[in-house]
Every structure is written in structure tokens, then in C-alpha cells.
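Let's walk through this fold together, strand by strand and helix by helix. Have the viewer open as you read.

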Amino acid sequence: DAEDKSLNDVLETVGAAVKENRITYVDFNTGHYHGDTYLDILEPYIRAVKKKYGLLIGVQTPPHHDLKRYRALRKMGVNRVSFCFEIWDREIFASVCPGKNTHYGLDRYLEAIEYCAGIFNTTNGEIVAGLEPPEKTIEAIDWITSAGAVPTVCVFRPLQGTDFEHVPPPKTEDMIPVFGYLYEACMSRGLMIGVAPNIKVSL
């Protein structure tokens, strides 16, 4: 949880994970930084891990204003990028994600997904199911897959100490059609899911 992690710290941790768990994939994830500096911060870590271990690498950040930066990431060896816009309904997006709405806006996320889908092995659009009607989540899945990207659907769960700690999670029966549609949409469009080795999540 340290605010600053040195290059050696990260390489040592990745090396231990390779040795002890035979990992094949590393994901770098950041939030908002003023001036869109998140890719500048990550790039030395990406280069070092790729050079030393040759692993698959994913990057999840807010959408950079200069889309050409993603072509540079691909040349560095990044295999996957993900953009977590969370909510499809624009009014709910503005309410649930005021920071993302203010600094980026939904259209910037969608533009980045469309752009990157033609560059990377996998581009993900990440959404949260349970904070908007299921039919809206299905609309998001439809748009993401039509763009050639893979939806990552996370089910909302209330966490203590957050603004949404008293919001109930969605009902299982409401989520079944969402995940059924997710699978069918990916299969019908030939989008690969679950193929990277020794990864225990839904990427």
C-alpha cells in the first residue's frame, strides 16, 4: 500500500510471483493523475517487467487524451488495455462517477476503447452490473463487443466506508441474463475469453 513503489520493489515482487506461482500475466492499474501523467509513471515499470520476465502485460488507466500513446504501449509489449467506465446510462454515470464524468466523460472512454480494439490483443471495457438496470448493462455489453473489445463485468458489492455502503447488491436472478448475454455476445463476434494460461480471473 505504499504510495511509491520503486522499480526494484516491483521487479522483486513479480519475480517472486513467477517463481512461486508461475504467473504469466501482470496488470498495471492506476487512477486519475493531473496532467494525464499515469502512462509516464507506468512506462518504466512496463519496460522493465517485459524485458526481465517476458510476461503478458495489461494496463488499466483512465483514457489518455493522446491516443497515439497506446500505439507506443503496444510497441513496448503491452498485450491488453482496459478502460473502466463502470456505467452505461449517461445520467447514472454522472451521478455514480462524478470524478470520471468531470475529468474525462463517457465519450472519451468509448473513443479509447474503439481506438485500442484495433491495436491490442485484447481491449476490455469494464462495467459494473447492479447500479443501473440490467438492460443498460446489456446495452453496454452490446456496444463493447460491437467495437471489437471484450466486456469485463463486475457485480456491484457494497463496501464499508464508501458512499455506496448501504446500497444493496443486485439479485442473482437479475445478473444471470447479463452474464448469459456477455458470453453469447463474445462468442458470436469471435472474441476470445479465458485463453491466457494460469490466470485465475475472467480476463
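What follows starts with the strands and then turns to a pair of helices.

This is a predicted model, with local features needing pLDDT of at least 70, side-chain atom pairs counting only at pLDDT 80 or more, and totals for chains, interfaces and linings using all residues. Residues are numbered from 1 along each chain as its sequence is written, and side-chain values use heavy atoms, with hydrogens and water left out.

Start at strand E2, residues 56-60. Helices (H or I, at least four residues) and strands (E, at least two) are DSSP runs, numbered from the N terminus. Four of the five residues in E2 are buried, meaning under 20% relative accessible area with a 1.4 Å probe, protein chains only.

Strand E1 (residues 25-29) runs parallel to E2, joined by five bridges; two strands pair if DSSP finds at least two bridges between them. Look for Tyr25, whose bridge partner in E2 is Leu56. E2 also pairs with strand E3 (residues 80-86), again in the parallel sense, over three bridges. There, Gln60 sits opposite Ser82.

Now for the helices. The axes of H1 (residues 7-21) and H2 (residues 38-53) come within 10 Å and cross at roughly 40°; axes here are lines fitted to C-alpha atoms over the stretch in contact, with angles from 0 to 180 degrees between N-to-C directions. H1 and H2 are therefore oblique to each other, as angles under 35 degrees count as roughly parallel, over 145 as roughly antiparallel, 65 to 115 as roughly perpendicular and the rest as oblique.

Which residues of H1 meet H2? Among them are Leu7, Val10 and Val14, and the H2 side includes Pro44, Tyr45 and Ala48, with contact meaning heavy atoms within 4.5 Å.

Terms used: Buried means under 20% relative accessible area, exposed over 50%, partly exposed in between (1.4 Å probe, protein chains only). A crossover is right-handed if, with the strands pointing away from the viewer, the path from the first strand over the helix to the second runs clockwise.
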